[in-house]
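Subject: Structure for your review

Dear colleague,

Please find the structure below, together with its sequence. I would be grateful if you could read the notes that follow with the structure open.

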Amino acid sequence: MRKALVNNLIFCSILFLGWSCKQAEPAELIRFQKLTFGPVVNNETQVRGEALLYNPNSFGVSIKEIQLQIEIESTKVASLREVKVVKAGAKKEFVVPFQGILVMADIQKIVEKDGLAYLLGKKVPLQFTGEIKTSIAGWSSKYPVNVKEEVSLNKLLSR
């Protein structure tokens, strides 16, 4: 009788632990915001911004690293890598800042194709691809990023 009770208790404990150990969901990228471009020096400009993310989990996570590439019309124009631990509370939005260098020569090649359209107000499609590395209780995971933002050419060239 006692052995059956112990076995049932162990079985129920394992079953409860199995239900309570839900796998973490990836942080959701909501948008990029506060994109700013510095002055052009030696045909390069610094790009800064913030990635607004949402933690859908019922527990906190840490963002360990963000690696992004910026492409315009399938041409890579920048690589960004931010290694900064940002803690995110459960079910909350949070911001991760990033910065990198944008090569203006690559942008000029793209603008030469449709220069008049861009000067007349057509927005430049920036494609952000890469991954976000998160950590939960010592376990690391990587999640893909693939987001498109449009920026006016005036914002890129106004410096």
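The notes below begin with the chain as a whole and then turn to its strands, its core and some individual residues.

Please bear in mind that this is a predicted model.

Overall layout

The protein chain contains four helices and seven strands. Their order along the sequence is α-β-β-β-β-β-α-α-β-β-α. Of the 159 residues in the protein chain, 36% are buried. The accessible surface of the protein chain is about 10,100 Å², and carbon and sulfur atoms account for 55% of that surface. When contacts between residues at least 6 apart in sequence are considered, 63% of them join residues at least 24 apart.

Strand pairing

Strand 1 pairs with strand 2 in the antiparallel sense, over seven bridges. Within this pairing, Phe37 has Val47 in strand 2 as its bridge partner.

The nonpolar core

The largest nonpolar core comprises 35 residues, and those that touch the most other members are Phe32, Ile63, Ile70, Phe94, Leu126 and Phe128. At least two residues of this core come from each of strand 1 (28-37), strand 2 (44-54), strand 3 (61-72), strand 4 (75-88), strand 5 (93-103), helix 2 (104-113), strand 6 (123-136) and strand 7 (139-152). Strand 3 gives the largest share, with six residues.

Aromatic residues

Because Phe32 lies in strand 1 and Phe98 in strand 5, the pair ties together parts that are 66 residues apart in sequence. Phe32 has 5% relative accessibility and therefore counts as buried. Phe98 likewise counts as buried, at 4% relative accessibility.

Ring pairs link Phe128 with Phe32 and Phe98 into a cluster. Apart from its neighbours within four places in sequence, Phe128 is in contact with Phe32, Leu35, Leu68, Gln69, Ile70, Phe98, Val145, Asn146, Val147 and Glu149.

Asn55 is placed in the loop between strand 2 and strand 3. The side chain of Asn55 reaches two backbone oxygens: that of Phe59 at 2.9 Å, and that of Gly89 at 3.0 Å. Leaving aside neighbours within four places in sequence, the residues in contact with Asn55 are Gly60, Val61, Ala88, Gly89, Ala90, Lys91, Lys92 and Phe94. Among these contacts, Phe94 is also one of the core residues that touch the most other members.

Yours sincerely

Terms used. Residues numbered from 1 in each chain as written. Predicted model: local features only at pLDDT ≥ 70, side-chain atom pairs only at ≥ 80, totals over all residues. Heavy atoms only, no water. Core = buried A, V, L, I, M, F, W, Y, C linked by side-chain atoms within 4.5 Å. Buried < 20%, exposed > 50% of the residue type's maximum accessible area, 1.4 Å probe, protein only. Contact = heavy atoms within 4.5 Å. Areas by Shrake-Rupley, 256 points an atom, 1.4 Å probe, with all protein chains shown as cover. Polar contact = N/O pair within 3.5 Å; in protein donor to acceptor, adjacent residues only side chain to side chain. Phe/Tyr/Trp six-rings, centres within 6.5 Å; stacked < 30°, edge-to-face > 60°. Pairing = 2+ DSSP bridges.
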